[in-house]
Every structure is written in structure tokens, then in C-alpha cells.
Amino acid sequence: MESASILPFYQEMVNSYVRGPGGKLKKVLDIFPDKVHNKVTVSTIHKCLSILLRLYRSFRAEFPVMLRRGRQGGGVFIFLKTGLLAVVLLGGALYDIREQRIPNWWCACGCVLGLWLTWRLAPAGQGAGQAVLYIIRLLAVTAIWFPLFRLRMIGAGDVKLMALMAGYLGFAVSAGVILYGFFIGAILAFLKMLVYRNLYQRLNYFFAYIRRLFQTREAVPYYQASRDGKEAVIPLGLCLLGGCVWYVVRGILC
């Protein structure tokens, strides 16, 4: 199964929901016409909730078929795994924002659920092989990003989230999603340096650090909380979530 099949599948899902029945949601909104003064807002809420209602009804009716198609390697396989991954990334982003760390138990739960879903929806007779490939992707991506964690450029939780992304989506798709996430992180970092007016200072420190790293070959931590404070911290978990959303939305719109 090709991971790239996620894009036409999402497009197909959205088109089918938009063409579906409107439901009875308008009757609910009509109960409160006098309490809402902005008719544009009412119309927007009605459209959004109508689409969500169609999504729920279609998903409820088609879920048994989706599972059968998923076992045959259909696009639903990617749809379910991407949805679960989005939940894992959302939890990681919230922890990263609030506590500047992502708990190991949360990443472990995401890992176990991904492994179970990979084995459960694999084509008949391929569950064990797909599970092994899942674990290989986790270990490979962890090894790739471990040097940046060793230098304290990214956190351990960020490495685990990127490994989970590769496990869920495969190497090719996860590489694009991570790239989107890093791009969002670069924008946030640039804006944060403008707000704190330390752009020149941070860039000067970064190039000096790289130069010293090549000259001395000593793995000195790039970030130290006691020295740099929170001004230099970017919640990469939030950026990775944004990259995942960006990828899905881009696939739907394009």
C-alpha cells in the first residue's frame, strides 16, 4: 500500500460529505435567531456543523466497510492511522506548550496503538511483517534525529513524535510532514526573535556554536535553560502537529 494514497482518499471523503443530505441541524439553530445578531456568523456555523453532521453519519454507516477495505490495503488504512496520529500529536503539542516536555507514557501509548492498528488492518497474512516494518521505521528515525537531541537542539519528546510519524505514515510521507513542521517552527522562531529583539544575538550564537562544534568536536549542549531561558524555546510538538494538519489540508485543497 502506498502512503501517498491518503490525498485522493481525503478528497473523495470531503466531496462525498459536501454532497450529502443537510440533516435537521438548521431546525436547532433556528431556535436561537434573536440571540445571535450576526447573520453571517449563523450561516457559517450552520455550514460547518452541517458538514460535521454529514461526516459523522457517513462514517457511522460506512465504518464496517472501511475496516474491510483497510485490511485489503485501501486508502482508509491511511485515513485511520492519520486520525490516530493527529490525536497523539495534539496531546504532545499540549504537553509541550504547557510543560515544555512530552511524557514518555504518552509516546508509549501512541507507539502501542500504532503498532496494534498496523497489525490489525494489515492484509491477511501480512500483520507480522507490517508490524516489523513499523518498528524498523521507529528505530531508524530515532537514530537519525538522536544526534540533534544529544546536542540539545531538540527534545527527546520531539524525537519520539517524529519517530511515531514515520511509523504511522511511512518514510516518504512523514518526511514531508516533518519538513512542513520545521518550516512552521522556523517562522515561529523568527517571529519570536523579532519580538524579543535578539535576532542578531541568536544568529551570532548559532554560527559560533557550529564553528566551535567543528573545531573542538565536543558535544556541548546548544540550549541550556539556566542560560537561555524560555525565550529560545520553540514548542516543536506544536509545529509537528501544524505540519500534519498542513499536509492534510493541502492534500484536500490541491
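**Fold, core and pocket**

The protein has 11 helices and zero strands; helices (H or I, at least four residues) and strands (E, at least two) are DSSP runs, numbered from the N terminus. This is a predicted model, where local features need pLDDT of at least 70, side-chain atom pairs count only at pLDDT 80 or more, and totals for chains, interfaces and linings use all residues. Residues are numbered from 1 along each chain as its sequence is written, and side-chain values use heavy atoms, with hydrogens and water left out.

Now the core. A nonpolar core is a set of buried Ala, Val, Leu, Ile, Met, Phe, Trp, Tyr and Cys residues joined through side-chain atoms within 4.5 Å, and buried means under 20% relative accessible area (1.4 Å probe, protein chains only). The largest one has 32 residues, and Leu89, Trp145, Met162, Met165, Tyr168 and Val177 touch the most other members. Helix 7 (156-169) is among the helices that each supply at least two residues, and its share, nine residues, is the largest. Beyond its neighbours within four places in sequence, Trp145 is in contact (heavy atoms within 4.5 Å) with Ile154, Val159, Met162, Ile178 and Phe182.

What lines the largest pocket? There are 33 lining residues, with Met153, Ile154, Ala232, Val233 and Ile234 nearest its centre. Helix 8 gives the most to this lining, six residues. A pocket here is an open set of points on a 1 Å grid over the protein atoms alone, where a 1.4 Å probe fits, with protein on both sides within 12 Å along at least five of seven lines; lining residues have an atom within 4 Å of a point.

Definitions and conventions. Buried means under 20% relative accessible area, exposed over 50%, partly exposed in between (1.4 Å probe, protein chains only).
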